[in-house]
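Try each task before you read its solution.

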Amino acid sequence: MPIIRVALNVPVDTLFDYQAEDVSKDDIGLRACVPFGKKQVTGIILAVSDETQIPIEKLKSAHGIFREIKPLPAALLDLFHFCSQYYHHPLGMVILNGLPVKLRNNKPVNLKRKPAQYQYSLTSSGKNVAVTQIPARNRVARRLLGEFQQTETLTSLQIKHISPRAEKLLQDWIQLDWITAKFCSTAAVARVAEIPVLTAEQEVAVNAITADAKQFNTWLLHGVTGSGKTEVYLRIIESVLVQGRQALVLIPEISLTPQLEGVFRARFSTVPLVSLHSGLNDTERLTGWLQAQRGEAKIILGTRLAVFTPISDLGVIIVDEEQDSSFKQQDGLRYSARDLAIFRARQSAIPVILGSATPSLESYYNALTGRYRHVRLLSRAVQNATLPLIQCIDTRINKTQEGLSGPLIQALDRCLQKKHQSLIFINRRGYAPVLLCKSCGWTAPCQRCSSRLVVHLRDKKLCCHHCGHQELFPRACPQCGNQDIAPFGQGTQRVEETLTADFPTARILRIDRDSTRRKHAWQEILHAVHTHQVDILIGTQLLAKGHDFPNLSLVGILNADGALYSTDFRASERLFAQLMQVAGRAGRANVAGHVLIQTEFPDHPLYQALQRHDYDALAQTLLAERKMAGFPPYVYQALLRAEAHHIKTVLDFLAQAAQLAHPPQTVELFDPVPAHMTRLKGLERAHLLVQSSSRKHLHAFLTGWYAKITTLPSQKVRWVLDVDPLEF
DNA sequence: AGCACGCCGACT
DNA sequence: GTCGGCGTGCTC
């Protein structure tokens, strides 16, 4: 009887052999349900053979093979294989983690007929209906209409997503002539929205990429905020769709999916699109995955996990905001979706486009050295729009009160009078970052992490932003008993309080994780901002990403200096990218943008470069520093991370691992050190850095070392290899 | 990862 | 005398 070799979701890097009837090589990539120990599990068939190394008495028979869906394509299995090897993670775990949950269980996929896909479009009379015409208690109807008025067209699936009850309203609305319905089954490339004329730069970019669309190339699409990178994506996707091929678009955050999805649906209204992200439930995720695999979905839009979607006829991959660290998974399998996207593109002989206004230094360096092809968009695409004016406010001269300096308050006031919107950016949620005893200097610590508890005044609580721990305010200092304990420093809530006092008539809205936690909160907030129901926005980095605020003319930045004295060598790069992104929120259409940065170091090269919008100047400076210090992109790194209840256990383990390493001369092994955040969620963490100027040598070394570490008695230590680490 | 096997401390 | 602690090792 033939043997199938199955990858299972277990932390050992071996395949498990089973006897199976009626199997052939065509079954590679199918799911098989097999007995494993006392349990039944489902894995993926990776090989079919007549032989096995396993003694016959140990060999069991597979319970069954699922044939209701097509096998995983060979290319996807290759991707998993590469991922397993490159990141040194067991193959079975890589594969099963990359599949939708519904494919991991012992059940066949339920292929019940999916509901007919209709597409509903808002009519011109529908556009004129005011949301207030709908009684406020009819919340679903209000939300649905609001959604229609934002994106104009919605599919049955999207509507179901808004609310299961929303579908009931549609027939009435068709009667009222607010919307029209049409069946969508074809994938015709029909563009409905008004198509902007390309700028000369955009045209050069589009032509260059489409002219070379038949082979693998990594393109760095390097365009300032507002230069119209999205339009370049759209044109390239269009050329791929015309050939009947599919496009994969990766974006950093779930919160950006609706926005980009709206753009795509408006442009390619009849083209089936799926979006895949962690906000979907298991069924939705499986449905989207299957549509992509069957080739029905032509545009696959998603966060990093979407890089593992089977796509039968991929024509292009786009990675938007490629510098964003959320493309790197920070637990378990620590893969970079951006780097895997490049592997996939090479494998499929198609272009991959990395888009950014502030590329990662790695990508920029690759573009400079010619590994990547560099296309630049230097001017804003919208007519009349100029780059915002960026200035520093020297807080050594202009002292701040409650975190706000005089010039910033005055600028806010002028902005209010002109009825423009303004934004205060402060990357710290809560009321104040610490609770301080003024007599002995005690600050409230987290018991489980090496961090300070953040003051959340509204619910009279202290919160740890790392582990979620909450506790009540102490009445007095637990160290010296003094009652003079008070919040110290600024967070979004405190800035909100201060500004409310300073501008009592202004409409102020705070946007951070605390205010957007509620379902649909984001949609409501964006709607309020777009319809100018808000004068001053206060927000964290949530605000920095992607969203267009057309009425925004002033951005104030508080407390950015912290990153300048960070020990993380990537802190400057990240700060620059983040500030550039926030600055880009100002002055989109006809309103000139103004950005004011409160800092004690206005002469710092980072702020100097920012004021001149000069990414290249800063990038060159940082690259020179990295070269001198021997940091990426001039070396390749890997981190052996370990955690346990006691730091000694961790350091002993790392010391043992270092002992059996025996690195070649080209690979440098550093001493174990405690992690930046030594305690996290009750565990102590440390790591050991390995680096080399040769990726090949580093990888070869890691492979051997990984095998040796696996044999160590791991006691109570949890460890992982983090290849190309971003955080230390 | 689970789950069993296995060898040492406090309990009805 | 046992119940159960979690260290070690295996799963085709």
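Predicted model: local features only at pLDDT ≥ 70, side-chain atom pairs only at ≥ 80, totals over all residues.

Residues are numbered from 1 along each chain as written, chains are lettered from A and ligands numbered from 1 in written order, and side-chain values use heavy atoms, without hydrogens and water.

**Exercise 1.** List the residues around DNA strand C and sort them by class.

*Solution.* Take residues with a heavy atom within 4 Å of the strand. They are Val 12, Phe 16, Asp 17, Tyr 18, Pro 35, Phe 36, Gly 37, Ile 54, Lys 58, Leu 59, Lys 60 and Lys 716. Sugar and phosphate make up 63% of the atoms of DNA strand C within 4 Å of the protein. Now sort: seven residues are nonpolar, one is polar and four are charged (Ala, Val, Leu, Ile, Met, Phe, Trp, Tyr, Cys and Pro count as nonpolar; Asp, Glu, Lys and Arg as charged; the others, Gly among them, as polar).

**Exercise 2.** Find polar contacts (N or O pairs within 3.5 Å) to DNA strand C.

*Solution.* Start with the side chain of Lys 58: a polar atom lies 2.6 Å from a phosphate oxygen. Next, a backbone N or O atom of Pro 35 lies 3.2 Å from a phosphate oxygen.

**Exercise 3.** Repeat for DNA strand B: which residues are around it?

*Solution.* They are Val 10, Pro 11, Lys 38 and Lys 39. Two are nonpolar, none polar and two charged. A polar side-chain atom of Lys 38 lies 3.3 Å from a phosphate oxygen of DNA strand B.

Conventions: Polar contact = N/O pair within 3.5 Å; in protein donor to acceptor, adjacent residues only side chain to side chain.
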